[in-house]
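I opened this notebook to keep track of what I look up, entry by entry.

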Amino acid sequence: MIHFHRVTLEYPRTRTKALFDVNLEIKKGEFVFLVGHSGAGKSSLLGLILKRLEPTQGAVYFAGENLKALRGDRVALHRRRIGMVFQDHRLLKDRTVEENLTFALQVLGVARPEWEARVTRVLRQVGLVHKKRAYPEELSVGEAQRVAIARALVGDPPVLLADEPTGNLDPANALAVLEIFKSVHARGATVLVATHARDLVEAYPQRVVVLKSGQLVRDDREGCYSL
Ligand SMILES: Nc1ncnc2c1ncn2[C@@H]1O[C@H](COP(=O)(O)OP(=O)(O)OP(=O)(O)O)[C@@H](O)[C@H]1O
Ligand SMILES: [Mg+2]
């Protein structure tokens, strides 16, 4: 589903090598934790999958397609196949929970008659149907993050990427977020979660990929976590 072939990424301005000769194959339906110290290259790796960044060397393939070949509208279509969750929720402040979700559906080009059922389904999935009419500032940090996950899921993407999604959450809320990712995984999606949180990895023993100073130093299917 996602394939990195000898990928090196250098940020041109600072000449920082954020990733160096990374090989990684993530199969459809896999759940992978991406771990590593701050600055190891986790966000950069996710940026390459979204085609927000281009490799300096090597290639990134998504569903068999070299992302390098995608241009214009096809980049937007590519991004629609991916649900993305950030550390901070990035919800639109002047729109309610429901409006944030319908806005995402509009951007995705989903027909209006489908909106209500989709919004209800994802809000049920994250346990927040009762907050439909709340504005982001009326939510707790954990609730806002669950809405951000609902937004990432509302288009039913085959791939979910999350960058440090529990960084601002207490342990109970972090585990609630993990439960949502588990259910997404159980429904067949491919899930890649970048995290520092050791307890998260321990709570769901899955494949763990370890980055260290831009290099992939460990790929452990037993779910062992060590940096
Ligand atoms: N836009 C940028 N321009 C130049 N260098 C960058 C840029 N973004 C990141 N870097 C550098 O690339 C390296 C990898 O950064 P990246 O953000 O991918 O790490 P990370 O593993 O996500 O870290 P964290 O856990 O702190 O989020 C770091 O050395 C960082 O300083
Ligand atoms: Mg990061």
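Entry one, on terms. Before sorting residues I noted the classes: Ala, Val, Leu, Ile, Met, Phe, Trp, Tyr, Cys and Pro count as nonpolar, Asp, Glu, Lys and Arg as charged, and the others, Gly among them, as polar. With these classes I found that the shell around ligand 1 divides into three nonpolar, nine polar and one charged residue.

I also wrote down the ground rules. This is a predicted model, in which local features need pLDDT of at least 70 and side-chain atom pairs count only at pLDDT 80 or more, while totals for chains, interfaces and linings use all residues. Residues are numbered from 1 along each chain as its sequence is written, chains are lettered from A and ligands numbered from 1 in the order in which they are written, and side-chain values use heavy atoms, with hydrogens and water left out.

Entry two, on the ligand. I looked up which of the 13 residues around ligand 1 come nearest, and they are Ser38, Gly39, Lys42, Ser43 and Ser44; a residue is near if one of its heavy atoms lies within 4 Å. Next I checked polar contacts (pairs of N or O atoms within 3.5 Å). A polar side-chain atom of Ser38 lies 2.5 Å from an oxygen atom of ligand 1, and a side-chain N or O atom of Lys42 is 2.7 Å from an oxygen atom of the ligand. For Gly41 a backbone N or O atom takes this part, at 3.0 Å from a ligand oxygen atom.

I then read that ligand 1, taken alone, exposes 640 Å², of which the protein buries 61% (Shrake-Rupley method, 1.4 Å probe). Strand E2 (16-26) and helix H1 (42-49) are the elements that give two or more residues to the shell, and H1 supplies the largest share, three residues. Helices (H or I, at least four residues) and strands (E, at least two) are DSSP runs, numbered from the N terminus.

Axes are lines fitted to C-alpha atoms, for helices over the stretch in contact, and angles run from 0 to 180 degrees between N-to-C directions. The axes of H5 (residues 141-153) and H6 (residues 171-186) come within 10 Å and cross at roughly 15°. That makes H5 roughly parallel to H6, a word kept for angles under 35 degrees.

Note on methods:
A polar contact is a pair of N or O atoms within 3.5 Å; within protein, one must be able to donate a hydrogen and the other to accept it, and residues adjacent in sequence count only if both atoms are side-chain atoms. Angles under 35 degrees count as roughly parallel, over 145 as roughly antiparallel, 65 to 115 as roughly perpendicular and the rest as oblique.
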